[in-house]
Amino acid sequence: MKTAFATVIYKQAHAYLQDYVKSVDNQTDRDFTLLIINDNYTKAELAEIEKEIVANTRGISIQIIDLYDKHLSIAETRIEMIRQAKRLKVDLLIMGDADDTFSKDRVASYKKAYELDKQSVFFYNKLVTDKGDEVFKTIPTSTTDVKAISQGNYIGLSTSGIRMNKITEEFLDSLAEGDTPVFDWYLFSRILTDIGSGSLVPDAYTIYRIYDANMAGTGRDLKKEYDIKTIHYNNLAKRYDYFKYLANKLKELNPASLKLQSVHQGYWWSDIQMEDDYEI
């Protein structure tokens, strides 16, 4: 099985990059390629970073793709990351944000899940804080319906992996429609609707780095959530009537009257909950 552990690197997370690299290098299963997509480091800066990465690893395969001159958006760089894995003929793509760290058996656990669960198109794992607390109070063992993540999300790029033979070039091209800061939510909504289901890898976890530049974090901001959901639903409404329905339901709400949910599972963007009787 050809495996890649992939990330996008960018200056805003530079302080945490070597922690990421060391965490990847400490994997118990080291038979994978570290695929690094450069977003905004200059060529000179990238050359120095490559030296540091090599110095902080013990012989794992490393491939760096430089996108600096293309000036791509958040979504476009992540699409290119998946596209590069496809070009490398990767079977299993494991993803992780450059400001996070991971359980040392994450690669081994994902490979085991890939071999045992032939039906799942994608895999996901738990998210914990640096103190070991789980960010999500509960997390489903399987995700088969897009409704599971339509009003809140628990599947991020840093907590997931993809069975790449299920991803076509045509599908990758179509992802450009979702040029959104919450690309992970868009991606897995599209996979669930168009391709297939996902399952939890129970023995793996991602250690979540919380800081100002983190897009989602663990804070609960109703205005930000309303704005994010408006973009997210409108993007998906280009293809699916279900999301037209949700976009219209959201539009009917008065943002000033919204309140935080008293019972909250910790999922991203999940405080605004609407009645959903749409049949898919």
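Me: Is H3 mostly covered or mostly exposed, and how many of its residues are buried?
Reply: H3 is mostly covered, with 10 of its 14 residues buried, where buried means under 20% relative accessible area, exposed over 50% and partly exposed in between, using a 1.4 Å probe and protein chains only. This is a predicted model, in which local features need pLDDT of at least 70 and side-chain atom pairs count only at pLDDT 80 or more, while totals for chains, interfaces and linings use all residues. Residues are numbered from 1 along each chain as its sequence is written, and side-chain values use heavy atoms, with hydrogens and water left out.

Me: Which residues of H3 are buried?
Reply: Among them are Ala-75, Thr-77, Arg-78, Ile-79 and Glu-80.

Me: And how far does H3 reach?
Reply: Helix H3 covers residues 74-87 and reaches 20 Å from its first C-alpha to its last, close to the 20 Å expected, a span taken as 1.5 Å times one less than the number of residues.

Me: What follows H3?
Reply: Lys-89 does, and its phi is positive, near 60°.

Me: What share of the chain is buried?
Reply: Of its 280 residues, 53% count as buried.

Me: And what about contacts in the chain?
Reply: Counting contacts with a separation of 6 or more, 81% come from residues 24 or more positions apart, where contact means heavy atoms within 4.5 Å.

Note on methods: Helix = DSSP H or I, 4+ residues; strand = E, 2+ residues; numbered from the N terminus.
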